[in-house]
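Here's a quick briefing to go with the protein on your screen. Take a look at the fold, then read through the points below.

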Amino acid sequence: HAELVIIGAGQAAVTLAETLRRDGDTRSILIIGEESFPPYQRPPLSKAYLSGGMPQERLWLKPVDWYARSDIGLMTGARVTAIDRGGACVVLQDGQTIGYDTLVLATGSRPRPFPAALGGALRGVHLIRGIEDIGHLAGALDRARRIAVIGGGYIGLEAAAVMRKRGLAVTVLEAGPRILARVACDKTADMVRALHRAQGVELHEGVGVSALLEGADGALGHVQLDDGRVIAADLAIVGIGALANDALARACGLACREEAGGGVLVDGLCRSSDPRIHAIGDVAAFMLQGQVARLESVQNACDQARALAQTLAGVENPYMPVPWFWSDQYDMKLQIAGLNTGADQTIFRAGKRAGTGSVWYFRKGRFIAIDALSDPRAYMTGKRWLEQGAMLSADRVADPGCDLLAPAM
Ligand code: FAD
């Protein structure tokens, strides 16, 4: 039994435990994670770690002895298979049960798989979520020549950049009308597309993959597109979105979001439909600017964990994020702050160097989000304006001579 049991040993879990201890919370805490590694950060998996330029230990969120020193129980290689709400306990794969007073779901999300019936289970088809995936991929890359990246979201594009840097032939296939459709506007997508093409990536948009076809040796050999074309590929990286790991919550009857990607429904205080169970990070679905959303970012995992720490301390301070996010591709750093949903006006401001700049999004005259391409100054300025909620007029942003110094903090 532990007073606080956290299922999932990732970014959100560690931040919650750390914040509670820092704030002097003395209750017993147990983090249960199914992976066999110490809790680690995922962003480098599609960037520096994938390129082989980063030792594994640098992924760990905390030194391995930090948990014991902080009086935080950590079980790795332990999968929770059920939640018994009546008995207030969780059941592990080996049959062990662990009681809780408060339970937190921090189980993250998993990549949406390419359907196995269409070739998704062929050797040579890879997903990127965990350290083990990179291990498999690294082994396969030594033999690969032609890479198909399925999905033009940030993970696919980051992987494409790493593959190109290794000198491999890379084709990116995006079924939607354009890359980065979920996160960025046309202008940003245009600049990112131009960058990839300049680096020699073949990039096709508005064309879906209808099947992955077996080659001569029983592994992937070709990718069939829905316009009838067939392209050769001996390795595919699938990056077509993520699904919340909400199966435990569904099985024990907690309210979950039905639509795209699922998620455990929580209120602003991170409470699920059971007052003793909370959810944070990628798995949590909550009201954000008038719609139920999940955010898949380090910022959200950390900030929501800190918000829950307050809830657990009896402070009712609803979570209202200014989301931010980054992506590294080649030497370009894309930084995004705010949510651009519903934007009706975008303004581009050129940066100091060619190929750099920032896109400022407005909805009904209100500044709501910024994308910055290798323009950290613009990003910081825009992010401050968003955090302060101060009124920034589109006219000022549209004037290239106007210095947009953020309001005083
Ligand atoms: P996770 O960190 O995923 O941790 C959840 C853990 O729970 C996992 O280890 C999982 O195995 C475990 N678990 C699930 N079910 C069970 C169970 N039943 N029993 C026990 N354990 C279980 N975000 C950014 O902000 N910037 C980036 O550049 C960026 N790049 C990314 C690149 C990649 C390749 C990926 C995959 C993600 C990236 N993200 C990025 C997203 C970011 O990593 C996630 O939003 C963040 O890790 C979410 O934290 P979390 O704690 O909710 O989930």
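## A quick tour of the chain

Of the 409 residues in the chain, 43% are buried, where buried means that 20 or more other C-beta atoms, placed from the backbone, lie within 10 Å of a residue's own. Keep in mind that this is a predicted model: local features need pLDDT of at least 70, side-chain atom pairs count only at pLDDT 80 or more, and totals for chains, interfaces and linings use all residues. Residues are numbered from 1 along each chain as its sequence is written.

**Overall build**

- You'll find nine helices and 25 strands in the chain; these are DSSP runs numbered from the N terminus, with helices being H or I of at least four residues and strands E of at least two.
- The chain's radius of gyration is 22 Å, close to the 22 Å from the globule rule for 409 residues, so it is as compact as a globular protein of that length. (The radius is taken over C-alpha atoms, and the rule is 2.2 Å times the number of residues to the power 0.38.)
- Along its principal axes, the C-alpha trace spans about 60 × 55 × 40 Å.

**The cores**

- The largest nonpolar core has 66 residues, and Val149, Ile150, Ala159, Ala160, Ala236 and Ile370 have the most contacts inside it. (Such a core is a set of buried Ala, Val, Leu, Ile, Met, Phe, Trp, Tyr and Cys residues joined through C-beta atoms within 7 Å.)
- Helix α4 (residues 154-165) gives this core its largest share, eight residues.
- There's also a second, separate core of 50 residues, which includes Leu20, Leu103, Val283 and Ala307.
- Setting aside neighbours within four places in sequence, Ala160 is in contact with Val149, Val170, Val172, His196 and Val201; contact means C-beta atoms, placed from the backbone, within 7 Å.

**A five-stranded sheet**

- Five strands form an open sheet in the order β21-β22-β25-β24-β23, with antiparallel pairing. (Two strands pair if DSSP finds at least two bridges between them.)
- At the edges sit β21 (324-329) and β23 (345-350), each pairing on one side only.
- β21 pairs with β22 (residues 332-338) in the antiparallel sense over six bridges.
- Helix α5 (residues 186-198) packs on the sheet, and its direction makes about 5° with that of β25. (Axes are lines fitted to C-alpha atoms, for helices over the stretch in contact, and angles run from 0 to 180 degrees between N-to-C directions.)
- Helix α8 (residues 376-388) packs on the sheet too, with its direction at about 160° to that of β25.

Methods:
Buried ≥ 20, exposed ≤ 12 C-beta atoms within 10 Å, placed from the backbone. Contact = placed C-beta atoms within 7 Å.
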